[in-house]
Amino acid sequence: MAETLSFKPQGVCSVKMNIVHENGIILDASVVGGCNGNLKGICSLIKGMKIEDVVNKLEGIKCGPRATSCPDQMAKGLKTLLQ
């Protein structure tokens with residue numbers, strides 16, 4: 001049965017991330033706020049991917065001088081599902 005992970009990212013422009021997943025696979029994702037086009041693209045690209053693969057690809061990405069980014073925050077949220 002599909003579940004939805006919803007969380008508030010920290011230190012970035014986006015204000016909420018929603019990720020629908022089932023059996024370790026991302027079925028859908030959406031982000032409120034942030035760079036609309038880029039985040040829609042990322043959400044589209046991660047559909048059908050394994051959660052652990054998305055974490056490995058997005059974790060550690062920075063946005064300009066910030067220590068984090070929306071993709072990094074997405075990885076941090078997804079990582080909670082792997083524990």
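This is a predicted model: local features need pLDDT of at least 70, side-chain atom pairs count only at pLDDT 80 or more; totals for chains, interfaces and linings use all residues.
Good morning. The lining of the largest pocket divides into 9 nonpolar residues, 3 polar and 2 charged.

Of its 14 lining residues, C35, C63, S69, C70 and P71 are the closest to the centre. Two helices, α1 (36-46) and α3 (70-79), each contribute at least two residues to the lining. The largest share comes from α1, with 3 residues.

Let me turn to helix α3. How many of its residues are buried? The count is 8 of 10, and the helix is thus mostly covered. The buried residues are C70, P71, D72, Q73, M74, A75, G77 and L78. Among the elements that cover them are the strands β1 (3-7), β2 (14-22) and β3 (25-33), together with the helices α1 and α2 (51-58). At the start of α3, S69 places a side-chain oxygen within 3.1 Å of the backbone nitrogen of D72.

In one of them, the side chain of D72 meets that of K76, at 3.5 Å from N to O. These two residues are 4 apart in helix α3, which means that about one helical turn separates them. D72 counts as buried because its relative accessibility is 3%, under the 20% limit. K76, at 43%, counts as partly exposed.

Another salt bridge joins the side chains of K79 and E59, at 2.6 Å from N to O. Why does this pair tie together parts that are 20 residues apart in sequence? The reason is that K79 lies in helix α3, while E59 lies in the loop between α2 and α3. K79 is partly exposed, at 34% relative accessibility. E59 is also partly exposed, with a relative accessible area of 34%.

There remains the salt bridge between the side chains of K47 and D28, at 3.3 Å from N to O. K47 belongs to the loop between α1 and α2 and D28 to strand β3, so this pair ties together parts that lie 19 residues apart in sequence. K47 is partly exposed, with a relative accessible area of 41%. D28, at 34% relative accessibility, counts as partly exposed.

That concludes my presentation. Thank you.

Note on methods:
Residues are numbered from 1 along each chain as its sequence is written. Side-chain values use heavy atoms; hydrogens and water are left out. On a 1 Å grid over the protein atoms alone, a cavity is a set of points where a 1.4 Å probe fits but cannot get out, and a pocket is an open set with protein on both sides within 12 Å along at least five of seven lines; lining residues have an atom within 4 Å of a point. Ala, Val, Leu, Ile, Met, Phe, Trp, Tyr, Cys and Pro count as nonpolar, Asp, Glu, Lys and Arg as charged, and the others, Gly among them, as polar. Buried means under 20% relative accessible area, exposed over 50%, partly exposed in between (1.4 Å probe, protein chains only). Contact means heavy atoms within 4.5 Å. A polar contact is a pair of N or O atoms within 3.5 Å; within protein, one must be able to donate a hydrogen and the other to accept it, and residues adjacent in sequence count only if both atoms are side-chain atoms. A salt bridge is a side-chain nitrogen of Lys or Arg within 4 Å of a carboxyl oxygen of Asp or Glu.
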